[in-house]
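Hi,

Here is the structure I said I would pass on. Have a look at it first, and then read on for what turned up.

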Amino acid sequence: MTVTVRFAPSPTGFLHIGNARPALINWLFALRREGRFILRYDDTDKERSTEEFASAIAEDLGWLGIAPHESFRQSDRLPLYDAAAEKLKAAGLLYPCYETSDELERRRARARALGRPPVYDRAALKLGDEERARLEAEGRRPHWRFLLPNHDGDPFVTRRVERSWDDLCRGAQSIDLASLSDPVLVREDGSYLYTLPSIVDDIAAGVTHVIRGEDHVANTGVQIAIFEALDAAPPVFGHHNLLTTISGEGLSKRKGALSLRSLREDGFEPMAVASLAVLTGTSHAVEPAESLHQLSEVFDLADVSRSSAKFDPQELRPLNAKLVHSLPYADVAERLSGLGIAETHPGGEAFWLAVRENCETVADAARWWRAVTSPQPLPVAEDDATFLREAAELLPPEPYDETTWGAWTGALKERTGRKGRGLFLPLRKALTGEEHGPDMKALLPLIGQRNSAARLS
């Protein structure tokens, strides 16, 4: 059996870090087992779904390193859902209901007031053909409910019927179908709610594992029953904890909270984002993985905590810095070029190796490029001005290498008696326009003798 998972976003907004978590978890699960990953666009909401958002989702997944083996849109598969609905109707498992939202809410309120669970009473099953015709003549259109198998033939006498599964994250789980209302699968306008199309697609695509957020746990018993009604074996389920903001609030596409697009624009590396999104809320220490393959070997669904996973964007910066500090030049050359950092003298690779440990993001290299090529002069005290003139006189001839800085400052120390901060800080300020930064023994060869002499004077 080929492990097959799916990620099913609605193209109604940009992906945020909370959406990225299930996408990454499914990808890592498939990657570790050499399985398949399907991208399914749940785009049946015609008013809010757009091509712009669908394209952005694909782009964001690509940025994270996720390459779906297959993708499709639910809007292209309506005949499949129609066929499934007709099959359930023919079996007497999908029945029409005519109550309005207000009527249903009044019934629920009355049940709660009487101390009963607000479960739908299946009143629509008692309607005869004449009554249904009268309601439709009044302009009412039915919504359709799935008849749960929680009875022994008389749907008005329910009994405890459990649907159980071994959850990949939560262990043994069970839902009593008698505690639930028959779910609405089809709206009054004939459009489908999430449940039926999702199940039909999972069956058609051969999805073996459904891995999703814990907010779907309560739906799982119903979905297992619908799988069975469609003569299909249910997949294996796993329900992981959800990412929240640091204050515990849920994330929302509509609010644009922590969108992948904004994190990318802020210069964060995809593996820093992926590592924090996946490892937060698990028993593992949050350390940056160098690749998704490496992360797949670390992450296990059994290690996911039951409590919510709070995503702190401030934790991204140290994670990102760790990755940036080890990035080879080949991985950043194109981005450096885009920042206006030339590949010619001063040498691009030598420059990157000199400054990367002082960068939280690759874009930070632009600051050190200015320090090397066109620093902003800093004020100089009178005694430092005299010292700098002496430093210019002692500048050694080129070529420069990593030993030049030590030889030059050693000669300056011997002549002037300066040492420590009094020796090194005025030189750094004059040569780079900064009070701190990368090791000067690596920067001095990039600056060169001519530029150094001009800045010291």
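Helix 16 passes helix 17 with a right-handed crossing. Bear in mind that this is a predicted model. Helix 16 covers residues 404-416 and helix 17 covers residues 421-432; their axes come within 11 Å and cross at roughly 125°. Angles of 65 to 115 degrees would count as roughly perpendicular, so at their angle helix 16 and helix 17 are oblique to each other. On the helix 16 side the contact is made by Trp405, Trp408, Thr409, Leu412 and Lys413, and on the helix 17 side by Leu423, Phe424, Leu427 and Leu431. Sorted by class, that makes seven nonpolar residues, one polar and one charged.

Pro399 sits in the loop between helix 15 (382-393) and helix 16. For context, most peptide bonds are trans.

Two other helix pairs are worth a look. Helix 13 (residues 348-355) packs on helix 14 (residues 365-373) at an angle of about 115°, the axes being 10 Å apart. That makes helix 13 and helix 14 roughly perpendicular, and their crossing is right-handed. Here Phe351, Trp352 and Val355 of helix 13 meet Ala365, Trp368, Trp369 and Val372 of helix 14. The contact has seven nonpolar residues, with no polar and no charged ones.

The other pair is helix 1 (residues 17-32) and helix 9 (residues 270-279), whose axes come within 9 Å and cross at roughly 85°. So helix 1 and helix 9 are roughly perpendicular too. Ile17, Arg21, Leu24 and Leu28 do the touching from helix 1, with Val273, Ala274, Ala277 and Val278 from helix 9. By class you get seven nonpolar residues, no polar ones and one charged.

Now for some single residues. Is Asp176 buried or exposed? Asp176 is in strand 7 (residues 171-176), and its relative accessible area is 15%, under the 20% cut-off, so it counts as buried. Its side chain reaches two backbone nitrogens: that of Val161 at 3.2 Å and that of Ala178 at 3.0 Å. Setting aside neighbours within four places in sequence, Asp176 is in contact with Arg159, Arg160, Val161 and Glu162.

Leu185 is another buried one, at 0% relative accessibility, and you will find it in strand 8 (residues 184-186). Residues up to four places away in sequence aside, Leu185 touches a list that includes Leu88, Leu94, Trp144, Phe146 and Ile226. Its C-alpha atom is 9.0 Å from that of Pro197, twelve residues apart along the chain.

Most residues other than glycine have a negative phi. Glu34, though, has a positive phi, near 55°. Glu34 is in the loop between helix 1 and strand 2 (36-41), and at 75% relative accessibility it counts as exposed. Asp231 also has a positive phi, near 60°. Look for Asp231 in the loop between helix 7 (217-229) and strand 10 (236-240); it is exposed as well, with a relative accessible area of 63%.

Cheers

Terms used: Residues numbered from 1 in each chain as written. Predicted model: local features only at pLDDT ≥ 70, side-chain atom pairs only at ≥ 80, totals over all residues. Heavy atoms only, no water. Helix = DSSP H or I, 4+ residues; strand = E, 2+ residues; numbered from the N terminus. Buried < 20%, exposed > 50% of the residue type's maximum accessible area, 1.4 Å probe, protein only. Polar contact = N/O pair within 3.5 Å; in protein donor to acceptor, adjacent residues only side chain to side chain. Contact = heavy atoms within 4.5 Å. Axes fitted to C-alpha atoms, helices over the stretch in contact; angles between N-to-C directions. Parallel < 35°, antiparallel > 145°, perpendicular 65-115°, else oblique. Left-handed = near helix turned anticlockwise from the far one by under 90°. Nonpolar A, V, L, I, M, F, W, Y, C, P; charged D, E, K, R; others polar.
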